[in-house]
Amino acid sequence: MSRNAPPATIETTGEAHRPAGRPRGQATDTAILQATIELLAEAGLRRTTIDAVAARAGVARATVYLRWPTRDALLAAAARHSLGRPLYSLTGDFATDLGTGATRARRALAQPLFVAIFPELARGLLASSPATAYDVIAPNRQRLADELRDTAETAGFRTDVDPTLPFDLIVGATLNHLLATGTTPSEADTAKMVEVVVQGLRRRD
């Protein structure tokens with residue numbers, strides 16, 4: 001997707017170097033997901049096979065299949081593991097907090113991993129439990145919606161708008177820009193998107 005983009009660092013969790021031998025207990029899931037992320041970044045989507053993941057993680061193929069019955073399921077889980085963002089503190093000012101969410105969304109969608117895994121991720125979201133899965137990737141979406149619902153009246157915002165809509169508009173525009181141009185919007189353009197959405201929320205009393 002990205003055209004002539006320089007290699008970027010994948011944000012991952014876990015230790016940089018795993019000890020030799022097969023991981024056990026709770027470390028197994030993390031080792032498998034980390035191996036999947038590393039292979040996606042190094043070898044691309046087509047070469048990220050179950051066999052390759054198992055070998056990189058130091059586990060048997062059956063161990064991978066016990067947790068994720070298909071390759072697509074594993075790839076979607078790896079995307080959630082890498083792209084999921086922790087909660088951030090809300091300030092009580094919806095416009096400010098929406099801007100923070102927009103910046104974080106732009107950075108997440110700019111990751112090479114997202115570009116590589118997007119088809120599998122979209123398929124998984126649509127085929128299984130979209131609301132639950134999407135909330136794993138975008139845990140702040142509902143929190144922003146709750147904040148807007150609670151503060152709309154006093155902040156001068158419309159109360160007849162679905163409170164999840166502002167976040168969805170920002171993420172949708174960011175994703176559309178990526179699909180159309182191969183890059184995510186600039187920081188300045190992201191700020192303008194937030195401004196347009198916030199202005200649209202203002203009551204016209």
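Modeller: Start with burial: a residue is buried under 20% relative accessible area, exposed over 50% and partly exposed in between, using a 1.4 Å probe and protein chains only. This is a predicted model, in which local features need pLDDT of at least 70 and side-chain atom pairs count only at pLDDT 80 or more, while totals for chains, interfaces and linings use all residues. Residues are numbered from 1 along each chain as its sequence is written, and side-chain values use heavy atoms, with hydrogens and water left out.

Colleague: What percentage of the 205 residues in the protein do buried residues make up?

Modeller: Of the 205 residues in the protein, 38% are buried.

Colleague: How many helices and strands does the secondary structure come to?

Modeller: Helices (H or I, at least four residues) and strands (E, at least two) are DSSP runs, numbered from the N terminus. In this protein there are 10 helices and zero strands. Along the sequence the pattern reads α-α-α-α-α-α-α-α-α-α.

Colleague: What share of the contacts in the protein with a separation of 6 or more comes from residues 24 or more positions apart?

Modeller: A contact means heavy atoms within 4.5 Å. Among contacts with a separation of 6 or more, residues 24 or more positions apart account for 70%. Ala73 sits in helix 4 (residues 71-83) and is partly exposed, at 25% relative accessibility.

Colleague: How many salt bridges does the count come to?

Modeller: Side chains of opposite charge can pair when their charged atoms come close. The rule for a salt bridge is a side-chain nitrogen of Lys or Arg within 4 Å of a carboxyl oxygen of Asp or Glu. By this rule there are seven. One of them joins Arg67 to Asp29, with the closest N and O atoms 2.4 Å apart. Arg67 lies in helix 3 (residues 61-67) and Asp29 in helix 1 (residues 27-43), so the bridge ties together parts that are 38 residues apart in sequence. Both ends are partly exposed: Arg67 at 33% relative accessibility and Asp29 at 34%.

Colleague: With which residue does Glu38 form a salt bridge?

Modeller: Glu38 pairs with Arg56, their closest N and O atoms being 2.8 Å apart. This links distant parts of the chain, Glu38 in helix 1 and Arg56 in helix 2 (residues 50-57), 18 residues apart. Glu38 counts as buried at 16% relative accessibility, whereas Arg56 is partly exposed, with a relative accessible area of 30%.

Colleague: Which residues does Arg141 touch, not counting residues up to four places away in sequence?

Modeller: With those neighbours left out, Arg141 touches Tyr134, Thr164, Phe167 and Asp168. The contact with Asp168 is also a salt bridge, with the closest N and O atoms 2.8 Å apart. Asp168 is in helix 9 and Arg141 in helix 8, so the pair ties together parts that are 27 residues apart in sequence. Asp168 is partly exposed, with a relative accessible area of 27%, and Arg141 is buried, at 18%. Elsewhere, salt bridges that share partners join Glu38, Glu42 and Arg56 into one network.

Colleague: What volume does the largest pocket have?

Modeller: On a 1 Å grid over the protein atoms alone, a pocket is an open set of points where a 1.4 Å probe fits, with protein on both sides within 12 Å along at least five of seven lines; lining residues have an atom within 4 Å of a point. Points are joined across faces, edges and corners, and the volume is the space filled by probe spheres set on them. Here the largest pocket comes to about 540 Å³. It has 26 lining residues, and those closest to its centre are Leu109, Tyr134, Ile137, Ala138 and Val171.

Colleague: Which helix supplies the largest share of the lining of the largest pocket?

Modeller: Helix 6 does, with six residues. At least two lining residues come from each of helix 5, helix 6 (112-127), helix 7 (130-137), helix 8 and helix 9. For classes, Ala, Val, Leu, Ile, Met, Phe, Trp, Tyr, Cys and Pro are nonpolar, Asp, Glu, Lys and Arg charged, and the others, Gly among them, polar. The lining then has 19 nonpolar, three polar and four charged residues.
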